[in-house]
Amino acid sequence: MPYGRGAFCVTGGAGFIGSHLVDRLLQLGMTVTVLDDMSNPNRAWLNAQRRRPRLDVVEGSCADPSAVDAALAGLADGQGAVYHLAANADIRGGADERDKDLRDTAVGTFQVLEGMKRHGIHDIVMTSTGAVYGERLQPPFSVLAGPLQPVSLYGAGKIAAEAFTHAYCAMFGLRAWIFRLGNVVGARMSRGAIRDFITKLTADPTRLEILGDGTQRKNYFLVEDCVEALTTLPDRIELTVERPSVVMNLGSESCTTITTITRCVIDELGLSDVSLHPLGGKRGWVGDQPFVELDVSEAFALGWKPSRSSDEAVREATRRMVAEMGASV
Ligand SMILES: NC(=O)c1ccc[n+]([C@@H]2O[C@H](COP(=O)([O-])OP(=O)(O)OC[C@H]3O[C@@H](n4cnc5c(N)ncnc54)[C@H](O)[C@@H]3O)[C@@H](O)[C@H]2O)c1
């Protein structure tokens with residue numbers, strides 16, 4: 001990765017993970033162009049970025065070639081790289097707007113790859129997801145496991161995005177580091193169980209409705225650990241002409257159940273006597289993958305490890321979100 005040369009385009013850079021990644025790249029002295037369609041930006045963060053040195057923001061969709069051109073124009077031929085995070089990250093929303101994952105994630109990735117080809121940019125780091133595995137494989141999921149049979153349009157869109165990226169690398173000389181993330185948590189989260197529970201309990205501190213039966217278990221890790229991996233692992237993974245792209249899981253070794261998150265949020269809000277109402281069923285909503293347990297041994301072997309266990313990450317993220325949301329009950 002061209003950290004020495006220092007120009008990056010971050011698609012989805014106004015979102016949860018993207019904004020933390022942009023902060024880190026700027027802190028490292030890099031120049032950053034954000035390409036974001038502002039469908040789910042963190043407004044507070046974005047407003048604080050006005051006239052921030054070495055940061056440019058292009059508003060537009062990855063699926064729009066002219067927006068991609070505008071964002072990549074600042075990256076001189078072969079001298080910059082792309083962090084591609086833009087996607088429909090709203091798994092539930094994808095069930096209602098059924099072409100969203102196709103358009104924003106699959107076509108969006110295709111247009112970013114096309115734009116890179118037009119502008120002579122070779123390197124891309126992409127965030128994929130544990131949702132590509134579906135629920136029929138034996139956990140923990142290894143990147144060697146298959147067949148991939150996702151239970152959401154989100155997972156399907158990501159598989160397509162991954163596949164186009166591998167093919168562009170094999171055919172057109174690009175290099176790609178694709179990371180399948182577990183559940184990333186921390187400040188500026190716009191969705192997820194922690195935020196959902198804080199919102200519900202702030203409205204009614206006596207009862208809490210839980211989507212699913214509470215046994216769903218997923219791998220949680222903090223956003224700064226995710227950003228650390230995205231910015232350090234590419235330099236530790238050598239890509240060659242024979243292997244121009246790689247896919248790797250990122251997350252913690254452990255998992256946390258929804259019931260544990262419930263207890264953590266109740267605790268951090270200082271509540272007791274909350275009656276719990278699980279709605280039942282093994283998944284929280286159509287498209288919810290009941291378990292996301294990832295084999296993260298490859299990333300660990302390269303010297304990266306999250307700073308907290310999954311339970312500790314949930315606890316820390318809950319504290320940050322309670323503070324950020326100003327929740328008092
Ligand atoms: N948060 C997680 O736990 C998690 C887990 C696995 C994978 N990921 C992946 O990480 C990436 C970032 O996720 P996040 O949680 O920060 O989500 P987010 O919704 O907070 O951020 C996504 C950003 O992309 C933008 N965006 C959406 N569609 C776009 C498009 N077509 N063109 C340009 N911008 C667009 C949104 O406005 C938003 O700012 C996504 O690719 C997501 O699939 C996230």
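A residue is taken as buried if 20 or more other C-beta atoms lie within 10 Å of its own, and as exposed if 12 or fewer do. Leucine 279, with 12 other C-beta atoms within 10 Å, is therefore exposed. The structure discussed here is a predicted model, and its protein chain contains 11 helices and 14 strands. The radius of gyration of that chain is 19 Å, close to the 20 Å that the globule rule gives for 329 residues, so the chain is as compact as a globular protein of that length.

**Overall dimensions and packing**

- Taken along the principal axes, the box filled by the C-alpha atoms of the protein chain is roughly 60 × 45 × 40 Å.
- Of the 329 residues in the protein chain, 47% are buried.
- When contacts in the protein chain between residues at least 6 apart in sequence are considered, 82% of them join residues that are at least 24 apart.

- Seven strands form an open sheet in the order 3-2-1-4-5-6-11, and their pairing is parallel.
- The edges are taken by strand 3 (55-59) and strand 11 (245-250), each of which has a single partner strand, so one side of each is left without a neighbour in the sheet.
- On average, and with direction ignored, neighbouring strands of this sheet are turned by 15° against each other.

**Strand 5 and its surroundings**

- Strand 5 (residues 123-129) pairs with strand 4 (residues 80-84) in the parallel sense, over four bridges.
- Within this pairing, aspartate 123 in strand 5 is the bridge partner of alanine 81, while methionine 126 in strand 5 stands opposite histidine 84.
- Strand 5 also runs parallel to strand 6 (residues 175-181), to which seven bridges join it, and here aspartate 123 has arginine 175 of strand 6 as its bridge partner.
- Six of the seven residues of strand 5 are buried, which leaves this strand mostly covered.
- Helix 5 (residues 100-119) lies across strand 1 (7-11), strand 4 and strand 5, and its direction is at about 180° to that of strand 4.
- A right-handed β-α-β unit is made by strand 5, helix 6 (residues 153-172) and strand 6.

**The shell around the ligand**

- There are 30 residues around the ligand, and those that come nearest are Gly12, Gly15, Phe16, Ala87 and Ala89.
- At least two residues of this shell are supplied by each of helix 1 (16-27), strand 2 (31-36), helix 5, strand 5 and strand 7 (183-185).
- Helix 1 provides the largest share of the shell, namely three residues.

**Backbone geometry to check**

- As background to the items below, most residues other than glycine have a negative phi, and most peptide bonds are trans.
- Proline 139 and proline 140 are joined by a cis peptide bond with omega of about 0°, and proline 140 lies in the loop between strand 5 and helix 6.
- A cis peptide bond, again with omega of about 0°, joins glycine 146 and proline 147; proline 147 lies in the loop between strand 5 and helix 6.
- Arginine 51, although not a glycine, has a positive phi of about 60°, and this residue is found in the loop between helix 2 (43-47) and strand 3.
- Arginine 51 counts as exposed because it has 5 C-beta neighbours inside 10 Å.
- Aspartate 273, a residue other than glycine, has a positive phi near 55° and is found in the loop between helix 9 (258-268) and strand 13 (275-278).
- Aspartate 273 has 8 other C-beta atoms within 10 Å, and this residue is therefore exposed.

**Leucine 279 in context**

- The loop that holds leucine 279 lies between strand 13 and strand 14 (291-292).
- If residues up to four places away in sequence are not counted, leucine 279 touches Glu209, Ile210, Leu211 and Gly212.
- From C-alpha to C-alpha, leucine 279 and glycine 146 are 31 Å apart in space, and they are 133 residues apart in sequence.

Technical notes:
Residues numbered from 1 in each chain as written. Predicted model: local features only at pLDDT ≥ 70, side-chain atom pairs only at ≥ 80, totals over all residues. Pairing = 2+ DSSP bridges. Axes fitted to C-alpha atoms, helices over the stretch in contact; angles between N-to-C directions. Contact = placed C-beta atoms within 7 Å. Right-handed = clockwise from strand over helix to strand, strands pointing away. Rg over C-alpha atoms; globule rule 2.2 N^0.38 Å. Near = placed C-beta within 6 Å.
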